[in-house]
Amino acid sequence: MSALSNVSTGRNRLTRPMLAVTATALLLTTACTEMQMDDGRQNTRTGAAGGAALGAITGAILSKDAAKGAAVGAVVGGIAGAAYGGYLDQQEAALRNDLGSNVSIVNTGDRLIVTMPQDILFATNSSTLRPDLQGDLVTVARSLNEYPRTTVQVIGHTDNTGDAAYNQQLSARRASSVASVLVSNGVSSGRIQSFGRGEDQPRASNLTPEGRAQNRRVEIVILPTT
């Protein structure tokens, strides 16, 4: 085989994965356009698009026939991604139906973030949960038991009032208290991590009482497992 033939063959081998990636980009563009619709299945579409993209790239790289590998990978990855997102959609709908109005749920496409203001769970400077305000945590625990293919991060946050080191410790203790309630209501401790962020991740300005109240919170981050 001539040197020219070798160069040509090398170019073909490089071109095939590039074509697969281009096809993936077109697929993502179409999927993202469809995701502008709000029909309660945003995560299903997001998961399908992401899964298809990853599957296409992986299939193109691993397969001897890059185009065929990309097509097969996109289909398989899209199905897996849709199932992943659909699982989140179902749990989100159930939580919104069951939780109180003080609790917010943010759906990012790959996780659910359930936020509870610390002021409705704890007294000032305390990490002891108020027994009369644990109903929402019991509801979250029940949901986690009904949707077991998830892991959970419990993250405590504070405002910037007082000493930063104290706020860090307080946020960690509060997160641990919330995690303990989840475990006592049947959620496996192996699924849960708890830690504090102190005053490092505010969601609003600490210059106003309203902003500081938003920053005092516990987030329960629900992550589907594969």
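How many aromatic pairs does the structure hold? The structure holds one, where rings of Phe, Tyr and Trp (its six-membered ring) pair if their centres lie within 6.5 Å, with planes under 30 degrees apart counted as stacked, over 60 as edge-to-face and the rest as tilted.

Tyr 87 and Tyr 147 are the partners, and their arrangement is edge-to-face, with 5.4 Å centre to centre and 80° between the planes. Tyr 87 belongs to helix α3, while Tyr 147 sits in the loop between α4 and β3, so the pair links distant parts of the chain, 60 residues apart. Both tyrosines, Tyr 87 and Tyr 147, are buried (under 20% relative accessible area, with exposed over 50% and partly exposed in between, using a 1.4 Å probe and protein chains only). Tyr 87 has another neighbour: Arg 149 lies over its face, at 4.1 Å from the ring centre. For such a charge over a ring, NZ of Lys or CZ of Arg must be within 6 Å of the ring centre and within 35 degrees of the ring normal.

A word on the model: it is predicted, so local features need pLDDT of at least 70 and side-chain atom pairs count only at pLDDT 80 or more, while totals for chains, interfaces and linings use all residues. Residues are numbered from 1 along each chain as its sequence is written, and side-chain values use heavy atoms, leaving out hydrogens and water.

Now to the fold. The protein chain has six helices and five strands, in the order α-α-α-β-β-α-β-α-β-α-β along the sequence. These elements are DSSP runs numbered from the N terminus: helices are H or I with at least four residues, strands E with at least two. Of the 226 residues, 39% are buried.

The largest nonpolar core has 27 residues; such a core is a set of buried Ala, Val, Leu, Ile, Met, Phe, Trp, Tyr and Cys residues joined through side-chain atoms within 4.5 Å.

| Element | Residues |
|---|---|
| β2 | 112-117 |
| α5 | 164-184 |
| β5 | 217-224 |

Helices α3 and α4 and strand β3 also give two or more residues, and α5 gives the most, with five residues. Among the residues with the most contacts inside the core are Val 114, Val 178 and Ile 220. Not counting residues up to four places away in sequence, Ile 220 touches several residues, including Leu 112, Met 116, Leu 137 and Gln 153 (contact means heavy atoms within 4.5 Å).

Finally, a backbone detail: Asn 125, in the loop between β2 and α4, has a positive phi near 60°, in a residue other than glycine.
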